[in-house]
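Here are my notes for you, as promised. Have a look at the entry below, then read through the points in order.

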Amino acid sequence: MLYIIGLGLGDEKDITLRGLEAVRSCHKVYVEAYTSLLSFGVSSDGLSKLEKLYGKAVTVADREMVEEKADAILSEAVESDVGFLVVGDPFGATTHTDLVIRAKKLGVQVQVIHNASVMNAVGVCGLQLYRFGETVSIPFFTESWRPDSFYEKIQKNRQLGLHTLCLLDIQVKEPSLEHLCRGKKVYLPPRFMTVNTALHQLLEVEQIRAEQAYSEESKCVGIARLGSVDQMVVAGSMKDLLGVDFGPPLHCLIIVGHTHDLEDEMLQLYALRPL
């Protein structure tokens, strides 16, 4: 059996009781560490906290292991129970969908145990979840690569009056292109996009495209460490949020569409100044 277990958003204690029971029954346990991160991902003793609470040794599965060596994980699940721990909900990333498909093809039974994810926890800001449009990802720009495919999606959402959740780039164990060209695999330090960087990039794209999908006066909500005890939620214009220090990762951003009176009332609780 392959158990794919959601861990929630905060820390090691956010696992569900059913998830914890499954972990403790497994012969081998992996935790993915690249599509998102728990607090253990940015602290020195986080993994040991997982292992202490779960009572199991936990192997960190990076992008290379999951995308290139998944068959090895699945072959273990043919003979014994294997747990694959996922930050948030198991289907918050397409990689985990692929893992299920590959397991089924090998005849491995799969049991999924769900948990909270960014996709529903953002409701804490007061915006109604059914009024969100397509979610977009904002990647880090480089000198030679400045993709803007998210622009049309945001524009379409706003034309329909819908809110847009922007998931911000996480780069963990990314190879250095310079060293790859020399035939060496050297990894860059981890990087986590801030709300501020995302806003700078969004405004840069708007300045170039000039199609008025949004502006520096557009209403937004910046969120940091969603699901943690020190989560931070701030509402304001893009221009206002540029000056806010959101602190440590992870961050996400919502570009607000048309709002209901109740949504406005909730947003005001998090506003820098009257919206």
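1. Start with strand E1 (residues 2–6), which pairs with E4 in the parallel sense over five bridges. Isoleucine 4 of the pairing stands opposite phenylalanine 84 in E4. Strands here are DSSP runs (E, at least two residues), numbered from the N terminus, and two strands pair if DSSP finds at least two bridges between them.

2. A word on what you're looking at: this is a predicted model, where local features need pLDDT of at least 70 and side-chain atom pairs count only at pLDDT 80 or more, while totals for chains, interfaces and linings use all residues. Residues are numbered from 1 along each chain as its sequence is written, and side-chain values use heavy atoms, with hydrogens and water left out.

3. Now for E2 (residues 28–32): four bridges join this strand to E4 (residues 82–86), and the two run parallel. Tyrosine 30 has phenylalanine 84 in E4 as its bridge partner, and valine 31 stands opposite leucine 85 in E4.

4. How covered is E4? Mostly: five of its five residues are buried, meaning under 20% relative accessible area (1.4 Å probe, protein chains only). Val82, Phe84 and Val86 point one way from the strand, and Gly83 and Leu85 the other way.

5. Step back and you get the whole sheet: five strands, open, in the order E3-E2-E4-E1-E5, with parallel pairing. Strand E3 (59–61) and strand E5 (110–113) are the edges, each pairing on one side only. From one strand to the next, the twist averages 25 degrees, with axes as lines fitted to C-alpha atoms and angles running from 0 to 180 degrees between N-to-C directions.

Note on methods:
Buried < 20%, exposed > 50% of the residue type's maximum accessible area, 1.4 Å probe, protein only.
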